[in-house]
Amino acid sequence: MEQTARQTTNAELQLDEQAYGENPLENRDTDLYRGEYIMSFVEKWDELIDWTARAEGEGQFFIDVLRARGKETVLDVACGTGFHSVRLQEAGFNVTSADGSAAMVAKAFQNAQSRGLILKTVQADWRWLNRDIQGKYDAIICLGNSFTHLHTEADRRRALAEFYAALKHDGMLILDQRNYDAILDHGFSTKHKYYYAGDKVTAEPEHVDEGLARFKYSFPDGSSYTLNMCPIRKNYVRRLLSEAGFQRVRTYGDFQETYADADPDFFIHVAEKSTLHVVRWGGGTRDEGETDVRDVAEDYYDSEDADTFYSMVWGGEDLHVGIYDDTKVIREASDTTIDKMAEALPRLDQNTRVLDIGAGYGGAMRRLVKRYGNTATCLNISEIQNDTNRNKIRRDRLADKIKVVHGVFEDIPEPEGSYDVVWSQDAILHSDQRAKVLAEVHRVLKPGGHFIFTDPMQADDVPEGVLQPVYDRLQLTSLGSMRFYREAASAVGLETVEQREMTNQLRTHYDRVREDLVTNYDKLRDSGASAEYLDKMIVGLENWVKAADAGYLAWGIQIFRKPD
């Protein structure tokens, strides 16, 4: 068998002409790829990609996604000429590079060698992937529109099953595709910015129907080549990923979290094999049926419903209560809260280290860093929100000032005495161990450091049971109060500086959010939020407004200090 494989590989490397038969438009065979990537085409492939322009276009996207989830071993199953394999290896990942094309594998090895790297390479057809690779991986990447070389659903399902089997239990798959929805529905156009960035090469379809996209690649020397691919649609791929067993699928458009479906050139699907939380939070196993409120919060904010709602209604910058003294606009009111909190601190400058616990989309820290020049860490439980935050940090060129950490505030993964300020906006309500949160805040604060936060709370004295409708909106079990935070802070050694009561803002905020939800209901539905989620949210927001009117809720800016 080894001799046969070598002969097959050698024959592929020596092909000098693409062969499609008498009618290229009828050749829709998955195995066709072996004869499409002839060596003369592969030798020109990097002119099409333009490594420098592509690196600038996508930035650190894939590196950030993999690092954020603690991935180390990566299998690049469509390595092509090695662009992503090389970038990931240079970034410190343990990469294995695979491709079905012998010519591509050979070119990838050569490209890496010219950059002082040695790639671990293997020629492997995805449909029999686990036959040719060793062990299991933290992550698999399948990029460059490669998945659309599979022309039948049976081949696609088999490949995804092989990917799934090659991943560790908490592994992830990153798979991209052209925006065939736009091509099929509106015709071909391209920004030519992210993927095929070579400005002297054209890559355009010469034929498109529901079963075939035949692309022609034309080079400056007059040569041209073609590829026959299957124009699979975005939601179809998402469904296949879910049916293959992946528990959570997040789709980006040209590396952006929010987009109009017709706009992106490419979609990138990030699919997680497992959403088990016990590994993340530690603490051993749980009794069957036992729920950790941190899991509830993570699943809620990672859901497509919640992400769509908070991105559209709050604008995707943050999701905290605003101050409405001078505006009715949620986005402006939210910024006002950040500004009021910052002004209440004795010092914020380039030497100040700030930790935001429950940072959401990270808008507060980006606003502070731009205004005051401080450094910041965003600790947050939702990786969906964290990905959005990282993208906006890259957009604003703040990567040297802000880091994003996936974790919980009951066990802050930061050293003792390392921050001048701990900051939080409307996040601690999700914890059922709020005293422990305060103890962790005390631990990571420097002597003389300040803890400033807001949190939706109950009034100090509330009749039994009246707040259950309020709890139900966010699956809460309780709320803190001004008195609770004052006493709990004192118990861990924090001094009370100020508790500024501003409950009227909470009432106004939830009323405004409900108004915007109702106004944008159809747009939210079109963007992916379910009617069940939105209808429940409308009722839930009404319950918060009613509870505030009855005097059962409280909200305000609270400041505590760690003694010198």
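Which strands does helix H17 (residues 383–395) lie across? Helix H17 lies across strand E12 (375–380) and E13, and runs at about 170° to E13. The model is predicted: local features need pLDDT of at least 70, side-chain atom pairs count only at pLDDT 80 or more, and totals for chains, interfaces and linings use all residues. Residues are numbered from 1 along each chain as its sequence is written, and side-chain values use heavy atoms, with hydrogens and water left out.

The protein has 23 helices and 19 strands. These are DSSP runs, numbered from the N terminus; helices (H or I) have at least four residues and strands (E) at least two. Of the 564 residues, 57% are buried, that is, under 20% relative accessible area with a 1.4 Å probe, protein chains only.

Seven strands build an open sheet of mixed pairing, in the order E13-E12-E11-E14-E15-E19-E17. Two strands pair if DSSP finds at least two bridges between them. Strand E13 (402–406) and strand E17 (495–501) are the edge strands, and each pairs on one side only. On average, neighbouring strands of this sheet are turned by 15° against each other, direction ignored. E17 pairs with strand E19 (residues 556–561) in the antiparallel sense, over six bridges. Thr-496 stands opposite Phe-560 in E19. Helix H18 (residues 434–444) lies across strand E11 (353–357), strand E14 (419–425) and strand E15 (445–454). H18 runs at about 140° to E15. Axes are lines fitted to C-alpha atoms, for helices over the stretch in contact, and angles run from 0 to 180 degrees between N-to-C directions.

A helix pair was examined next. The axes of helix H9 (residues 153–166) and helix H11 (residues 234–243) come within 10 Å and cross at roughly 50°. H9 and H11 are therefore oblique to each other, the class left after under 35 degrees (roughly parallel), over 145 (roughly antiparallel) and 65 to 115 (roughly perpendicular). Glu-153, Arg-156, Arg-157 and Leu-160 in H9 meet residues of H11 including Tyr-236, Arg-239 and Leu-240.

Helix H3 (residues 39–49) has buried residues at Phe-41, Val-42, Lys-44, Trp-45, Leu-48 and Ile-49. Their cover includes helix H2 (33–36), helix H4 (51–58) and helix H7 (102–114). Strands E6 (202–209), E7 (212–218) and E8 (224–229) also belong to this cover. Just after H3, Asp-50 takes a positive phi of about 60°.

How values were computed: Buried means under 20% relative accessible area, exposed over 50%, partly exposed in between (1.4 Å probe, protein chains only). Contact means heavy atoms within 4.5 Å.
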